[in-house]
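Here's a quick tour of some side-chain contacts in a protein model. Have the sequence and the 3D view open as you read.

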Amino acid sequence: MDGLLWLDPERARRAGADLSVAGEAFVAARQREGGEIAAASAQRPWGKDDIGATFEQRYRGFEEVVLRAWEGVGRHLAGLGADVVRSVEANVQTDAASAGRLGQVADRRSEP
């Protein structure tokens with residue numbers, strides 16, 4: 001099938017929906033486990049002496065970046081899944097409209 005695109009709309013819709021669910025689960029995991037990480041680190045288990053303060057200074061920025069990225073990835077996955085579903089719908093509608101127009105052309109050609 002060189003150069004052809006074959007789309008199974010039902011399968012693609014399910015895949016998009018599954019991707020959205022996976023993104024939501026990723027965000028939920030971030031809220032649970034990421035929340036536990038943030039709560040534990042807020043206690044500064046590394047201590048408050050000079051070494052602990054230096055660690056805190058370095059660690060806090062990394063923690064914030066990782067937790068923010070974790071949530072962002074989940075939101076993007078969920079959004080991508082919704083985009084897949086919308087894309088499938090648009091492709092199916094376009095195919096149906098094109099088929100209808102082609103059918104009209106064929107009907108006109110068969111008229112005397």
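This is a predicted model: local features need pLDDT of at least 70, side-chain atom pairs count only at pLDDT 80 or more; totals for chains, interfaces and linings use all residues.

We'll look at some charged pairs, then at some aromatic rings.

**Salt bridges**

- The model has nine salt bridges, counting a Lys or Arg side-chain nitrogen within 4 Å of a carboxyl oxygen of Asp or Glu.
- One of them links R13 to E10, with the closest N and O atoms 2.4 Å apart.
- R13 and E10 sit three residues apart in helix α1 (residues 9–42), so about one helical turn separates them.
- E10 has a relative accessibility of 47%, so it counts as partly exposed.
- Another salt bridge joins R32 and E33, and here the closest N and O atoms are 3.7 Å apart.
- R32 is partly exposed at 48% relative accessibility, and E33 is partly exposed too, at 33%.

**A salt-bridge network**

- E56 and R60 make a salt bridge as well, their closest N and O atoms being 2.9 Å apart.
- Are these two partners buried or exposed? E56 counts as buried, because its relative accessibility is 16%, and R60 counts as buried at 18%.
- Both E56 and R60 belong to helix α2 (residues 50–110), where they lie four residues apart, or about one turn of the helix.

**Aromatic rings**

- To describe a pair of aromatic rings, you give the distance of the centres and the angle of the planes.
- How many aromatic pairs turn up in the whole structure? A search finds three.
- In one of them, the ring centres of W46 and Y59 are 4.9 Å apart and the planes meet at 55°, so this pair is tilted.
- W46 is in the loop between α1 and α2 while Y59 is in helix α2, so the pair ties together parts that are 13 residues apart in sequence.
- W46 is partly exposed, at 23% relative accessible area, and Y59 is partly exposed at 22%.
- Y59 also pairs with F55, and that pair is stacked, with 5.5 Å from centre to centre and 10° between the planes.
- F55 and Y59 are four residues apart in helix α2, so about one helical turn lies between them.
- F55 is partly exposed, with a relative accessible area of 39%.
- Put together, W46, F55 and Y59 make one aromatic cluster.

Definitions and conventions
Residues are numbered from 1 along each chain as its sequence is written. Side-chain values use heavy atoms; hydrogens and water are left out. Helices (H or I, at least four residues) and strands (E, at least two) are DSSP runs, numbered from the N terminus. Buried means under 20% relative accessible area, exposed over 50%, partly exposed in between (1.4 Å probe, protein chains only). Rings of Phe, Tyr and Trp (its six-membered ring) pair if their centres lie within 6.5 Å; planes under 30 degrees apart count as stacked, over 60 as edge-to-face and the rest as tilted.
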